[in-house]
Amino acid sequence: MSNYASDLLRLLDSRGYIHQLTDAHGLDALAAKQVVPGYIGFDATAPSLHIGSLVQIMMLRRLQQAGHKPIVLMGGGTTKVGDPSGKDESRKLLDDAAIAANIASIRTVFERFLTFGDGPSDAVLLNNADWLDAIAYIPFLRDIGRHFTINRMLAFDSVKLRLDREQPLTFLEFNYMILQAYDFMELSRRAGCRLQMGGSDQWGNIVNGIELARRVDGTEVFGITTPLITTADGAKMGKTASGAVWLNEDQLSAYDYWQFWRNTDDRDVGRFLRLFTDLPLDEIARLEALEGAEINAAKIALADAATAMCRGEAAAAEASETARKMFEEGSAGGALPTHVVEGGRIALVDALVALGFAASKGEARRLIKGGGARIVRLSAGKKNHGLLVATQ
């Protein structure tokens, strides 16, 4: 662990959030002497963010816990363009009404993780449509565009990936990195923002913003990126056989959210406890040292804490109790999704669709074939239980 002077960088470092820093010494000194407003941008392409965004949400939470000011920047403007970072193809463009509805829905999750208000370290939610929608094209090209070279933009991984695969990269998307850099400069002007945080794929975009603010305004701003969060088997965090793990309650039940964390690989438990819960580090050290079947206690602690943070204490307690009854006592538990079967017979593919686990029979069959939906639990009375394994 590095010897940082600021509570902010000590906290981020001790819990495993730091991958790259643009100027560690400068940011550390600034955070040790004043409140640092810092932002992360989130595009509003769906009514909910998924668990792949959770490490960024937790970064904003850590920023606030260390006494600094989180700025949640919703991409009401940039959602109309599309970020090529990490994408293999262009995404569907949304109209203003759909984007506004998505932002309103997404905000409800941020309100669980952050304290919003007017205080010096209270979180605020801003929308980059407030300034991007008003841009005049010719003045923007003259004042901002001249600071970017095509040579350098072509060198960014997000662009090279698409070009190397001979996949189309529209001029619309190519502009995204300029708009994100402009966002950082605009936030430094409007909200005194001194820090942008993001995933490791955002490094180039963050550096662009830092250089633009320096060149145009002479302002010193900073950047932090987080490591790419993968599971022990190398999969990207949040990618499951049954689809995205959504943060909003109306997109995914609290029980399924709890189960996602409960099913964490043994090797990931300690890291996930540090990243995704507020449990003290000494307690996490105790939990991750458990071996054999006892590691399940650490997984339950992870599931309880992560679910309580995102869905509330009551939902976490109900999901945990449902799981306990399901696997220890053999009863159904109140939080499980249910479907009444007429006549006592139902095909597995039909059951998956009826319970909302698959959108169609074709998707259900793919789930079964891929091993994502293969176990059916049967009970006869209170003591006799068994499993059917589906093959296809």
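Okay, a definition to start: buried here means under 20% relative accessible area, exposed means over 50%, and partly exposed sits in between, with a 1.4 Å probe and protein chains only. By that cut-off, 45% of the 392 residues of the protein chain count as buried.

Some ground rules. This is a predicted model, where local features need pLDDT of at least 70 and side-chain atom pairs count only at pLDDT 80 or more, while totals for chains, interfaces and linings use all residues. Residues are numbered from 1 along each chain as its sequence is written, and side-chain values use heavy atoms, with hydrogens and water left out.

Overall, the protein chain has 18 helices and 10 strands; those are DSSP runs numbered from the N terminus, H or I of at least four residues for helices and E of at least two for strands. Contact means heavy atoms within 4.5 Å. Take the contacts between residues at least 6 apart in sequence: 71% of them join residues at least 24 apart.

Now helix 4, residues 96-113. Its 18 residues reach 26 Å from first C-alpha to last, close to the 26 Å expected at 1.5 Å a residue (that's 1.5 Å times one less than the number of residues). Its buried residues include Ile99, Ile103, Ile106 and Phe110. What do the buried residues of helix 4 pack against? Strand 2, helix 3, strand 3, strand 4 and helix 15.

Phe110 turns up again in the largest nonpolar core, 66 residues, where Leu54, Phe110, Trp261 and Phe276 have the most contacts. Apart from that core lies another, of 28 residues, with Met153 and Tyr176 among them. A nonpolar core, by the way, is a set of buried Ala, Val, Leu, Ile, Met, Phe, Trp, Tyr and Cys residues joined through side-chain atoms within 4.5 Å.

Back to helix 15, residues 295-311, where you'll find Arg311. Arg311 is buried yet has no salt bridge, and the nearest side chain of opposite charge, Glu249, is 5.1 Å away. For the record, Lys and Arg count as positive, Asp and Glu as negative, and His and the chain ends aren't counted; a salt bridge needs a side-chain nitrogen of Lys or Arg within 4 Å of a carboxyl oxygen of Asp or Glu. So where does the Arg311 side chain reach? The backbone oxygen of Leu252, at 2.8 Å. Beyond four places in sequence, Arg311 also touches Arg112, Trp246 and Tyr257, among others.

Last one: Phe174, in helix 9. Phe174 counts as buried because its relative accessibility is 12%.

Definitions and conventions: A polar contact is a pair of N or O atoms within 3.5 Å; within protein, one must be able to donate a hydrogen and the other to accept it, and residues adjacent in sequence count only if both atoms are side-chain atoms.
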